[in-house]
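Here is a structure to go through term by term.

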Amino acid sequence: MKNPLKEFKNLNIVKKELELINSLAKDIKKNLYFMEVCGTHTMQISKYGIRKIIPENIKLLSGPGCPVCVTPQTYIEKALYIIRNYKNVIMTTFGDLFRVPSDTGTLEEEKSLGKEIKIIYSAQELINIAENNKNKKIVFLSIGFETTMPTIACIIKEAKEKNIKNLFFLLGNKFFLPEALEAVIMISKKQKENFSVDGFILPGHLSSITGVKPYYFIKEKYNLSGVITGFEPVDIVISIRTLLEIIKNKKPQIKNEYTRVVKDDGNIYAQKLISEVFDKEDGEWRGMGIIKNSSAKFKKEYENFDINKIFKIP
């Protein structure tokens, strides 16, 4: 069976793209700052050494596209408060939150002290854990952007249909579009003495849910460009080359170079799930402060799954 991603790792294609990038960078001459707003892009850029092989006047900046990185200490402190102060609780989390520090410790340290904290690998596990531990309150630490919200919404709807009464969520989910991305642009503008973002390498995972249209404000309101792309080396260098071409032509655009996954309208069913279960409210982002309408909260008909309604958390 052929590996469908093989061509997207093809070194010869990368070399050809680099030739185009070098030519365009020479024509433009000045320093250009491109921000990859997705944490997976940041990891792949480092993995493949892309910063080292592009021209010196092309600077790649890492944006706030990792949901763990933008989760504030207050969220971790709330989780620790619950597990320290309430009995008959099983706390569940994905592994990426397990060692995130706060002023008073980590989940890993609490587990080492005997607290019942389970790392799960799929949100579907929550249903089984709740059904098999009806005498305990199951608390899931729910973080993530639009990419993972549909899955959580599915589990919440299933729990409601099955009348599961002991499953609760500490919501830390965040909406990246449009408010958070706009906040990034505004922060960039305030930093213009040091740098000013000239274009965005836009996230593939998130865009598979949201589609292309929510990014149009970047072009229409701020006269900036963005390229939605995948996570292989060919994807990333194509996005850099495309941004350079757009800047050279002086006509801002939002382009979708990840058409094998991302459609213009995104995943309509997933969008519907998010809107059925969640509303927006102002939320705190680590390193960025309060961003209006950027955090998820339960709609009224699902509020009984909110652990804040069950426990008194400072």
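**Labels and their cut-offs**

Q: Why does E36 count as buried?
A: Its relative accessibility is 0%. Buried means under 20% relative accessible area, exposed means over 50%, and partly exposed is in between (1.4 Å probe, protein chains only). E36 is under the 20% cut-off, so E36 is buried.

Q: What kind of model is this, and how are residues numbered?
A: This is a predicted model: local features need pLDDT of at least 70, side-chain atom pairs count only at pLDDT 80 or more, and totals for chains, interfaces and linings use all residues. Numbering runs from 1 along each chain as its sequence is written, and side-chain values use heavy atoms, leaving out hydrogens and water.

Q: What makes R51 and E36 a salt bridge?
A: Their closest N and O atoms are 3.4 Å apart. The rule asks for a side-chain nitrogen of Lys or Arg within 4 Å of a carboxyl oxygen of Asp or Glu. The distance of 3.4 Å passes, so the pair is a salt bridge.

Q: Which parts does the R51 and E36 pair tie together?
A: R51 is in helix α3 (residues 50-53), whereas E36 is in strand β1, so the bridge joins parts 15 residues apart in sequence. Helices (H or I, at least four residues) and strands (E, at least two) are DSSP runs, numbered from the N terminus.

Q: Why is R51 called partly exposed?
A: R51 has a relative accessible area of 35%. That value is between 20% and 50%, so partly exposed is the label.

Q: How do you know that R84 and E110 form a salt bridge?
A: Their side chains meet at 2.9 Å, N to O. That is within 4 Å, so the pair counts. R84 belongs to helix α4 (residues 73-85) and E110 to helix α5 (residues 107-112), so the bridge ties together parts 26 residues apart in sequence.

Q: Are R84 and E110 buried or partly exposed?
A: R84, at 33% relative accessibility, is partly exposed. E110 has 6% relative accessible area, under 20%, so E110 is buried.

Q: What makes K272 and E276 a salt bridge?
A: The closest N and O atoms are 3.9 Å apart. The limit is 4 Å, so this pair passes. Both residues lie in helix α12 (residues 268-277), four residues apart, about one turn of the helix.

Q: How many salt bridges does the rule give?
A: The count is 17. E17, R241 and E245 are linked in a network of salt bridges.

Q: How many aromatic pairs are there?
A: There are twelve.

Q: Why is the F140 and F169 pair called edge-to-face?
A: The ring centres are 6.0 Å apart and the planes are at 85°. Rings of Phe, Tyr and Trp (its six-membered ring) pair if their centres lie within 6.5 Å; planes under 30 degrees apart are stacked, over 60 edge-to-face, and the rest tilted. Both values pass, so the pair is edge-to-face. F140 and F169 are both buried.

Q: What makes F169 and F305 a pair too?
A: Their centres are 6.4 Å apart and their planes at 75°, so this pair is edge-to-face as well. The pair links distant parts of the chain, with F169 in strand β6 and F305 in the segment after β11 (289-298), 136 residues apart. Ring pairs join F94, F140, F169, F278, F298 and F305 into a cluster.

Q: What makes K160 sit over the ring of Y302?
A: The charged end of K160 is 4.6 Å from the ring centre. The rule requires NZ of Lys or CZ of Arg within 6 Å of the ring centre and within 35 degrees of the ring normal. The charged end of K280 likewise sits over the ring of F175, at 4.9 Å.

Q: What makes a set of residues a nonpolar core, and which residues have the most contacts inside the largest?
A: A nonpolar core is a set of buried Ala, Val, Leu, Ile, Met, Phe, Trp, Tyr and Cys residues joined through side-chain atoms within 4.5 Å. The largest has 31 residues, and F176, L181, F200, L202, Y215 and I218 have the most contacts inside it. Helix α8 (179-190) is one of the elements that supply at least two residues, and α8 gives the most, with five.
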